[in-house]
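Good morning, everyone. Today I shall walk you through one protein model, and I ask you to keep the structure in view while I speak.

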Amino acid sequence: MEPIKTLPLVFEEPQGPRGPKPKPPPHLADLTPAERKARLEELGLPGFRAKQLSTHYFERLVDDPAAMTDLPAASRDELVAGLLPHLMTPLRVMEADKGATRKTLWKLFDGSLVESVLMRYPGRVTMCVSSQAGCGMACPFCATGAGGLTRNMSTAEIVEQVVAGARSLARNEVPGGPGRVSNVVFMGMGEPMANYNAVIGAVRRLTDKTPDGLGMSARGITVSTVGLVPRMKQLADEGIPVTLALSLHAPDDELRNELVPINTRFSVAETVEAAWDYARKTKRRVSIEYAMMRDINDQAWRADLLGDVLNSYGDWAWVHVNLIPLNEVPGSQFTRSRDEDTDEFVRRLEAKGIPTTVRDTRGSDIDAACGQLAAAE
Ligand code: SAH
């Protein structure tokens with residue numbers, strides 16, 4: 001095997017040319033209801049208007065100030081500027097699967113680019129959102145990893161991706177009739193646990209009841225991580241029962257050190273133990289993500305080892321494995337596993353009692369599948 005090319009791990013946002021980068025404008029989705037009221041009062045505006053603005057944003061999914069006719073015309077612009085500043089502009093929307101998969105490329109206030117993907121299935125709609133512009137985790141098979149970290153996204157920038165999807169569904173712009181977002185997966189660009197506070201804020205906004213938030217069920221939300229162990233522990237103690245997905249990709253330290261470089265800080269054993277701890281505390285089944293890479297991590301013996309590693313914790317079905325057919329990134333040394341190797345991998349895991357699924361590859365033809373989001377413009 002050709003040696004795997006490595007990139008440095010980056011945890012902190014890189015500085016701009018003149019010190020820390022400017023922050024996106026504060027938006028009501030960054031704030032709790034009490035903070036929204038306080039912000040309007042600071043601006044010399046009546047605090048009770050915060051609830052009306054929240055209703056427009058989260059419940060009625062209105063974005064045009066002219067449609068907010070319950071706000072006095074004289075102060076409408078000031079109210080909107082105070083709590084609903086413009087955050088991001090869609091640069092491009094690409095569709096696949098007859099419109100059931102839609103990828104949006106967003107330009108943020110400072111020119112940073114991120115992507116989100118809407119996936120409609122019979123009976124559910126999943127939004128895959130980004131949590132950082134770029135990513136510092138340097139996984140060599142991932143398109144986002146290759147570009148490094150630009151910056152963390154704000155809570156409102158994360159939430160706005162979901163609200164934008166909710167608007168297009170409510171307005172019947174997605175084939176299949178009007179609908180709602182039922183699931184959110186933090187599997188777009190970025191490492192959510194490296195932008196912890198903003199991500200938790202976003203989860204709270206998504207799950208707060210309308211009109212304070214979008215009113216989603218925490219069970220419909222999946223946070224995916226490379227395995228930042230201290231943050232996984234913190235998440236387990238938040239008391240929000242989101243689903244945790246752990247991007248394992250190898251059951252042994254030797255290979256995982258290369259595929260998921262954070263493994264050099266937190267070993268497979270420490271990482272899987274933190275996942276087990278999460279399952280134990282939240283009673284939520286953890287999902288192990290494993291991208292199948294031909295002749296790299298797809299050997300039958302590694303399936304056996306993965307089964308043994310997972311079975312060394314917990315005697316209930318605390319975990320399932322989701323095999324992701326590798327989405328090939330142009331110029332990358334990694335290719336997709338042969339079907340027969342994937343089938344054998346599934347058989348070996350199931351023989352050890354591990355529930356295993358193979359993920360569909362929605363959006364791969366518009367570079368909208370896992371690991372393909374790179375905002376290449
Ligand atoms: N940073 C988070 C979320 C980002 S991506 C994480 O790593 O979990 C969501 C999933 O897509 C992760 O499991 C990631 O490892 C996987 N992925 C990345 N590149 C991929 C590729 N080229 N093909 C298939 N899956 C990939």
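The C-alpha centres of domain 1 and domain 2 lie 33 Å apart. Please bear in mind that these are positions in a predicted model. In this chain, domain 1 covers residues 29–83, and domain 2 covers residues 91–376. How many residues does each domain bring to the contact? Domain 1 supplies 14 residues, and domain 2 supplies 16 residues.

Let us turn to the area of that contact. About 1300 Å² is buried between domain 1 and domain 2, and carbon and sulfur atoms give 56% of this area. Which residues of domain 1 lose the most area to domain 2? They are Tyr57, Phe58 and Leu61. Together, these three account for 44% of what the domain 1 side buries.

I now move to the ligand.

Some individual atom pairs deserve attention here. Ser247 places a polar side-chain atom 2.5 Å from an oxygen atom of the ligand. With Gly190, by contrast, the backbone takes part: one of its N or O atoms lies 3.0 Å from a nitrogen atom of the ligand. Asn327 also uses its backbone, with a polar atom there 2.9 Å from a ligand nitrogen atom.

How much of the ligand does the protein cover? On its own, the ligand has 530 Å² of accessible area, and the protein covers 97% of that.

The loop between helix H6, residues 196–207, and S8 contains Pro211. The peptide bond from Thr210 to Pro211 is cis, and its omega is near 5 degrees.

Where is Ala138 found? This residue sits in the loop between strand S5, residues 132–134, and helix H4, residues 143–146. Although Ala138 is not a glycine, it has a positive phi of about 60 degrees.

Thank you for your attention.

Notes. Residues numbered from 1 in each chain as written. Predicted model: local features only at pLDDT ≥ 70, side-chain atom pairs only at ≥ 80, totals over all residues. Heavy atoms only, no water. Polar contact = N/O pair within 3.5 Å; in protein donor to acceptor, adjacent residues only side chain to side chain. Areas by Shrake-Rupley, 256 points an atom, 1.4 Å probe, with all protein chains shown as cover. Domains from an automatic or database assignment. Contact = heavy atoms within 4.5 Å. Buried area = accessible area lost by both parts, 1.4 Å probe. Helix = DSSP H or I, 4+ residues; strand = E, 2+ residues; numbered from the N terminus.
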